[in-house]
Amino acid sequence: MSELVARRASVSQIGALGRFFGAGGLGGPIIMLVVLVGLLWFLSDGVFLSQNNLVNILRQFSVPLILAMGQTLVIITAGIDLSVASTAALSACVMGIMYTQIGLGGWLAVLLGVLTGLLVGLINGFVITKWRVPDFVATLGAYTAVRGVALLITDGYPIPNHGVAIPGRTMPEVVQTLGSQSLGPIPIIAIVAVVLVLATWVVLNRTTLGRRLIAAGGNAEAARVAGINVQATKIYAYLIAGGFAAIGGILMAGRLDSANGLMAPAMELTTIAAVVLGGTALAGGEGRVGGTVIGVAILASLANGLNILGVSSFWQDVATGVVLVLVVALDQFRRRLSGKRNRAGAAPPADTQMGTTAGGGAADQPVDNGAR
């Protein structure tokens, strides 16, 4: 009896620690963010938390956050999208060319830019699910090809400086307003990002598609047996990721009043790091939108704080790389804790009738959720 009590106490401790660091709880990422903000506030003599700098962080934070929302949905399906930054650049360039050189209206140019991102996402999903190309390889190819197309159509020049631009046209007025104007002290681009975050939360937590995304990532075969079209579900995830990347790229063009094929360098790595840092498992099947928000906030605060402290861009790259490795190590640590918890809970001692009932119930629950 005492052995059973000790075993249950151990399982409870492991479970609590796993939830603290994992997708079931945001304690770890929140504490990491609070400690980082406090440290940067102290080292910068309070400059980091000044109003002007917080507004600046919101502007820097918004585009990676939008791209990370799409990345979250893809990673929940056990996939990965390395092409989101390239898609953002291509969509912004298409929008810019349509407005400054073709002469289309602002909203129509924006629509074509968004459709460009959706098309890239659709191709990614099709190649991965129909041709069965590994997601890493497929999106790595898209990362290179899409960036190449963006540079080809602009000849490597920024828009509107490329080609024969219509006089007086830079970026559409609606894009400039959304990307660079503020509503009171709050940048409109941050408000747009929050709206998209809420939309992603609703999709993931309140729709059939959200449940299917989680089921497809958790156990694709079980989801297929339960009647879920796993291929279509994954295509939806890449499609949404492409659309979000396009919106992010267009808003970035509005903030900069320019678009070019080299926009958003390495932002795909930032989004992946933010998603995992927020508790979404790289293996898929679990994740939280709120965790991704905190993950992006941590990375944006780190980059902004290092700029304030005058750290060179080379050391900033080193710091970002270290954080990325630590994030993946943290994910592996969390998974090991989760594995120990499951093994401990699923194999109660044979000589204890009470343990059999408790362990069986816990093991059945994920299968039932996935089937729905």
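**Values and definitions**

Tutor: Pro 160 is found in the loop between α6 (135–154) and α7 (173–180), and a cis peptide bond joins Ile 159 and Pro 160, with omega about 25 degrees. This is a predicted model, in which local features need pLDDT of at least 70, side-chain atom pairs count only at pLDDT 80 or more, and totals for chains, interfaces and linings use all residues. Residues are numbered from 1 along each chain as its sequence is written, and side-chain values use heavy atoms, leaving out hydrogens and water.

Student: What makes α3 oblique to α13?

Tutor: Helix α3 (residues 51–76) and helix α13 (residues 289–308) pack at an angle of about 140 degrees, their axes being 9 Å apart. Angles under 35 degrees count as roughly parallel, over 145 as roughly antiparallel, 65 to 115 as roughly perpendicular and the rest as oblique, so α3 is called oblique to α13.

Student: Why does Asp 45 count as exposed?

Tutor: Asp 45, in the loop between α2 (27–43) and α3, has a relative accessibility of 73% and therefore counts as exposed, given that buried means under 20% relative accessible area, exposed over 50% and partly exposed in between (1.4 Å probe, protein chains only).

Student: Why is Ala 78 called partly exposed?

Tutor: The relative accessible area of Ala 78 is 31%, so Ala 78 is partly exposed. Ala 78 is found in the loop between α3 and α4 (84–102), and although not a glycine, Ala 78 has a positive phi of about 70 degrees.

Technical notes:
Axes fitted to C-alpha atoms, helices over the stretch in contact; angles between N-to-C directions. Helix = DSSP H or I, 4+ residues; strand = E, 2+ residues; numbered from the N terminus.
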